[in-house]
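Colleague: I am new to this structure and would like to go through it by question and answer. Please show it first.

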Amino acid sequence: MNRNVERSYPYAAAVTAAVGCYYGGLNFPKGQDVLSASITIGAIFTGFLATSKSLAISIDTPAMNELRKTRFFDLMVQYLREAIYASLLLGAFGIAGFFHDPQSPPRWYGVVWVLLIVSTFLTFIRVTNAFLELIQSRKKG
Amino acid sequence: MRIFLYKVVSEPNTFDLAERLRHIYSLAVDARNRDRNLDHVRLEELREERGLMFADFLKIRMHHGPAKAGLDTPVEGFDLDSDEGFGEETALIFDPSSGHVVVQYNHHGSWPTAIAEYIGLFVHSNPVTIDFAPKLDAAVHAKIKRAKIVKKLTLAIAPKALSDEDYDEQASLGGGIREIARRSDAERLEIVISARRSRSSSLNIDLSFLNQWIHRLGGGSEGSPILTARATATDDERTPSEVLDLLEHRLTSEAELTPGLDKRYPRLDRWNALERAFNSWRHLMT
């Protein structure tokens, strides 16, 4: 995969999904459950990613050390940062939803929610894949 | 003893190497020393005869070295003071008129790059970039072109490490990590392809094409992933095959020397061998 693709695909997919939902007439679920679930997902992801962050700093394997010598390490930190902020935003957006009447959320709320959840998932997958590959390379050496 | 021929390339090119050598030699012995890594390098001896400059460079190995051993005596170390080390000598002849140097190859001694750096940086206030560019052997090049029957091919390759160059080429993070994962921990990969042992068998390889390919990959230059490339080949079945170095067809000469009682090659013998090689190459120094 080209790096430009790797950089942009979570957001490209999120925007596509949001636009699709806007024109497709998304029926955003009413009630508080979906908001609580969003907050939980955001919080879990943020927690997991924050742990990964400390792992990235402290892990001491040949593969990681080699990665650290190059700008790929900065790239990994950048992906981690984006994933953390995306999950934080998702959680915060869920909380913000409570300030409006949960029984009648405005239409744009559902669209932005789709945007955030897709980018959260995909940025999470992107950085998790990198970590899994690193773990696999560790098994070898 | 192996001998190589180099052309002196200096920046600025008005630099007078002969004058610099004379200046270094005019100093006291201890003032001629220069640190190089853990060791010291110095111009030990300089003589001018027949329009040539005969120099002998000394490397003092300070870190560690050999022991003294006899067939019926236990091995023992040399008795050295803390400011003494093991001396390794490298002879060199400089021809000021053509700008060439002939250098002895001493694996443990100073290598041409180290000598060039020593001379170039000796005067701190006036540093000069000197490069000893190896002279290539046109005869080997012609042999590679002629050699049709290849018996054996040896290639040594340094496996690539992940670098910022991959980053600049728009590699993704996943691709970069997979690159690391696929890599073996080997520092050097050696591939040997040989034909069957019968007289008529050979490998179906076009050497001159392979040679071009290796040079296009930067073979022979510093930082190239190809560490060695050698072919055992001949141009027809009746002549015995010989080893051709595809990486560097460097002009080289071999001299048989008899070590003195102290197991060193005498300086005069080394200079004489260098001068013989120099004279045999005189027509190539353009």
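Colleague: Which residues touch the most other members of the largest nonpolar core?

Modeller: This is a predicted model, in which local features need pLDDT of at least 70 and side-chain atom pairs count only at pLDDT 80 or more, while totals for chains, interfaces and linings use all residues. Residues are numbered from 1 along each chain as its sequence is written, and chains are lettered from A and ligands numbered from 1 in the order in which they are written. A nonpolar core is a set of buried Ala, Val, Leu, Ile, Met, Phe, Trp, Tyr and Cys residues joined through C-beta atoms within 7 Å; buried means 20 or more other C-beta atoms within 10 Å of the residue's own, with C-beta atoms placed from the backbone (12 or fewer is exposed, in between is partly exposed). Among the 32 residues of the largest core, those touching the most other members are Tyr79(A) and Ala83(A).

Colleague: Which element gives the most to this core?

Modeller: Helices (H or I, at least four residues) and strands (E, at least two) are DSSP runs, numbered from the N terminus. The elements giving two or more residues to this core include α1 (3-24) and α4 (72-97) of chain A, and also α5 of chain B. With 11 residues, the element that gives the most is α5(A).

Colleague: Which residue of chain B does Tyr79(A) touch?

Modeller: Contact requires C-beta atoms, placed from the backbone, within 7 Å. Not counting residues up to four places away in sequence, Tyr79(A) touches Thr123(A), Arg126(A), Val127(A), Ala130(A) and, in chain B, Leu173(B).

Colleague: Which element supplies the largest share of the side of chain B that touches chain A?

Modeller: In chain B, 17 residues are in contact with 22 residues of chain A. Both α4 (164-168) and α5 (173-182) of chain B supply at least two residues of that side. The largest share, 8 residues, comes from α5(B).

Colleague: Why is strand β6 of chain B largely enclosed by the rest of the structure?

Modeller: Strand β6(B) covers residues 100-105. It is largely enclosed because, of its 6 residues, the number buried is 5.

Colleague: What is the bridge partner of Phe4(B) in β6(B)?

Modeller: Two strands pair if DSSP finds at least two bridges between them. Strand β1 (residues 2-11) of chain B runs antiparallel to β6(B), joined by 6 bridges. The partner of Phe4(B) in β6(B) is Val103(B).

Colleague: Which residue in the turn between β5(B) and β6(B) has a positive phi?

Modeller: Strand β5 (residues 86-95) of chain B pairs with β6(B) over 4 bridges in the antiparallel sense. The two form a hairpin with 4 residues between them, and the turn residue with a positive phi, about 75°, is Gly99(B).

Terms used:
Contact = placed C-beta atoms within 7 Å.
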